[in-house]
Amino acid sequence: MTNSLNDLTLADALRGLAKKEFSAVELTEAHLGAMEKARVLNAYLVETPEKALEMAKTSDSRIAKGEAGPLEGIPLGVKDMFATEGVRTTAGSKILDDFRPPYESTVTSQLWRDGAVLLGKLNNDEFAMGSSNETSAFGPAINPWRARGSSENLVPGGSSGGSSAAVAARLCLGATGTDTGGSIRQPAAFTGTVGIKPTYGRCSRWGIVAFASSLDQAGPFARTVKDTAILLRSMAGHDPKDTTSVDMPVPDYAAAVGRSVKGLRIGVPKEYRVEGMPPEIEKLWMQGAEWLKAAGAEVVEISLPHTKYALPAYYIVAPAEASSNLARYDGVRYGMRVPGRDVIEMYENTRAAGFGPEVRRRIMIGTYVLSAGYYDAYYVKAQKVRTLIKRDFDEAFAAGIDAVLTPTTPSPAFAIGSKASADPVEMYLNDVFTVTVNMAGLPGIAVPAGHSAEGLPLGLQLIGRPFDEETLFSVAHAVEDAAGLIAGAALKPEVWWS
Amino acid sequence: MAVDEATVRRVARLARIAVNPDEIPHLKEELNAILSFVEELSALDVSDVEPLTSVMPMKMKARQDGVTDGGDAERVLMNAPMREGDFYIVPKVVE
């Protein structure tokens, strides 16, 4: 990267803009330039340079007038699951075709309200169903990281793979993501970035393409814990248009970054020590516990006995809700249409041509588990298992645990195509540490904490009490601080793409 | 529980997704892999557990039952794959 403006943290960029060391237009131009050179990463599905420059100009005039918002002039990428008014929104699927929403999602509208600049729409797995960005109808986004000495392309994680790749490659200062089973935290871990899934209900889901409505939640990606805290403050908040959004004040999350973790009780769940976990993941996890101890926290082993049932229950709940949500893609009101002899055949042809194999598979599983005679055996049972998973966490928190420390993923980023086996379950296992958090509705943050033997980033996850994102930000910052990776630029991938 | 080919065809029909006959065996295999994975739950007795209905205990907000938006047919129809005036066009449904 030739321009150092791309390497700024979001917090430093805000400071530089306020001091008029550079303009919002210059900052946006630096990112548009980097995006142009990084098209091989396939992180952006749509670039919006004209809109970006127009928004940046407005920011410059607001800064000049002393009317700057909390994100004034900050260039961001937006996952293609968020409806953006007049800007093509595909959810990574062919079935939405050239859909241009006549409305803006609540979360993104709050970012623009606070002065942020839209650089473009970021690639993701089709309808956010995937853990590698390989199910996107527009081809996979590519991880800017490569194993040491290798030129093999790796996945950036998924489903928010465009977001994680763009943030890691300095193609934006931050990005939005959505997380249904790990889709923010797993890609953050694979790219050495920070990502938080807030408590269910913290951010409005209005205007986000629906996947599994009882699990979906929006959250930010950035390169530091503080930057994600700044972004979440703008994204969160009550929205009358989403009845599941919570009417609670939004705290100044960034103020929690740097707060002492002395006296906090951190739980290490023994059930997360899964079979076949690579020694380097286990080692990093224990290292994280040591760092928190050194910072004054108390680390205790805890038990979350229903952990192993979370992933199978998820693969009932998520497909069931998806099959219902995706019924709207029928070729009538928007998106693709493939003709048929009658209206049913038109639906069937449209959906066969428009949905990719993973989405089709999940719709069929969901349809099956919701079909007559199976509803109780599958869906109701899985919802009961959710009660047990949530109870495990409730009991840990009631016993005085402030946050739970786990690895984010069972491995570092893997090669594109390497999991294209016949068994879809192999890919699902990527979410083994993250999916419990969605099932229980809790907040979870992924923070980079080290590197694998081949030099690829690895992350740790912290899980918090409902609506206690502040504790997560302070503990994650303690990990970030102890890992000491930011100052030494150890979280910057070597540029091979431009 | 495992599905057979007839069930795969029935589910595809319910889901309104056209499936080629030659895709059925492969789809059957994939669906059965997922179903055998979720079968792990059968080891768990949940007879005395209430299903989770909301992840956070909160009272559903009610709003005034009034019109807050709408009346803009052009914006509603702007993404229609086929339209005539202010109507969506679909293949004939009623003879």
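Helices (H or I, at least four residues) and strands (E, at least two) are taken here as DSSP runs, numbered from the N terminus. By that numbering, A:Ala415 sits in the loop between β9 (403-407) and α13 (425-428) of chain A. The structure is a predicted model, so local features need pLDDT of at least 70 and side-chain atom pairs count only at pLDDT 80 or more, while totals for chains, interfaces and linings use all residues. Residues are numbered from 1 along each chain as its sequence is written, with chains lettered from A and ligands numbered from 1 in the order in which they are written.

A residue is called buried if 20 or more other C-beta atoms lie within 10 Å of its own, exposed if 12 or fewer, and partly exposed in between, with C-beta atoms placed from the backbone. A:Ala415 counts as partly exposed because it has 15 C-beta neighbours inside 10 Å. Contact, here and below, means that the C-beta atoms of two residues, placed from the backbone, lie within 7 Å. Not counting residues up to four places away in sequence, A:Ala415 touches A:Glu152, A:Asn153 and A:Leu154. Its C-alpha atom is also separated by 9.7 Å from that of A:Ile142, 273 residues apart along the chain.

Next comes the annotated site. An unreviewed UniProt entry lists A:Lys79, A:Ser159 and A:Ser183 under "active site"; positions follow the numbering used here, feature names are shortened, and such annotations may be inferred rather than shown by experiment. The three are spread over 105 residues of sequence, yet they cluster in space, with a largest C-alpha distance of 11.1 Å. A:Lys79 belongs to strand β2 (residues 75-79) of chain A and is buried, because 30 other C-beta atoms lie within 10 Å. Leaving aside neighbours within four places in sequence, its contacts include A:Leu122, A:Asn124, A:Ser160 and A:Thr178. A:Ser183 lies in the loop between β4 (174-179) and α6 (185-191) of chain A. With 37 other C-beta atoms within 10 Å, A:Ser183 is buried too. Beyond four places in sequence, A:Ser183 touches A:Ala128, A:Gly158, A:Ser159, A:Ser160, A:Gly177 and A:Thr178.

A:Asn133, in the loop between β3 and α5 of chain A, has a positive phi of about 70° although it is not a glycine. A:Asn133 is buried, because 35 other C-beta atoms lie within 10 Å. A:Asp97, also not a glycine, has a positive phi of about 55°. The loop between β2 and α4 of chain A holds A:Asp97, which counts as partly exposed because it has 16 C-beta neighbours inside 10 Å. Helix α4 (residues 106-113) of chain A has A:Thr106, A:Val107, A:Thr108, A:Gln110 and A:Leu111 buried, and these pack against β2, β4, β6 (217-222) and α7 of chain A. After α4(A) comes A:Gly115, with a positive phi near 100°.

What about the interior? A nonpolar core is a set of buried Ala, Val, Leu, Ile, Met, Phe, Trp, Tyr and Cys residues joined through C-beta atoms within 7 Å. The largest one has 165 residues, and those touching the most other members are A:Ala43, A:Leu76, A:Val117, A:Ala166, A:Ile316, A:Val475 and A:Val479. Helix α9 (residues 310-325) of chain A gives the largest share of this core, 10 residues. Outside four places in sequence, A:Ala166 is in contact with residues including A:Ala43, A:Tyr44, A:Leu122 and A:Ala175.

One helix pair also deserves a look. The axes of α7 (residues 225-235) and α15 (residues 469-483) of chain A come within 9 Å and cross at roughly 160°. Axes are lines fitted to C-alpha atoms, for helices over the stretch in contact, and angles run from 0 to 180 degrees between N-to-C directions. The crossing therefore makes α7(A) roughly antiparallel to α15(A); angles under 35 degrees count as roughly parallel, over 145 as roughly antiparallel, 65 to 115 as roughly perpendicular and the rest as oblique. A:Val225, A:Ala229 and A:Leu232 in α7(A) meet residues of α15(A) that include A:Phe473 and A:Ala476.

Finally, the contact between the chains takes 40 residues from chain B and 57 residues from chain A.
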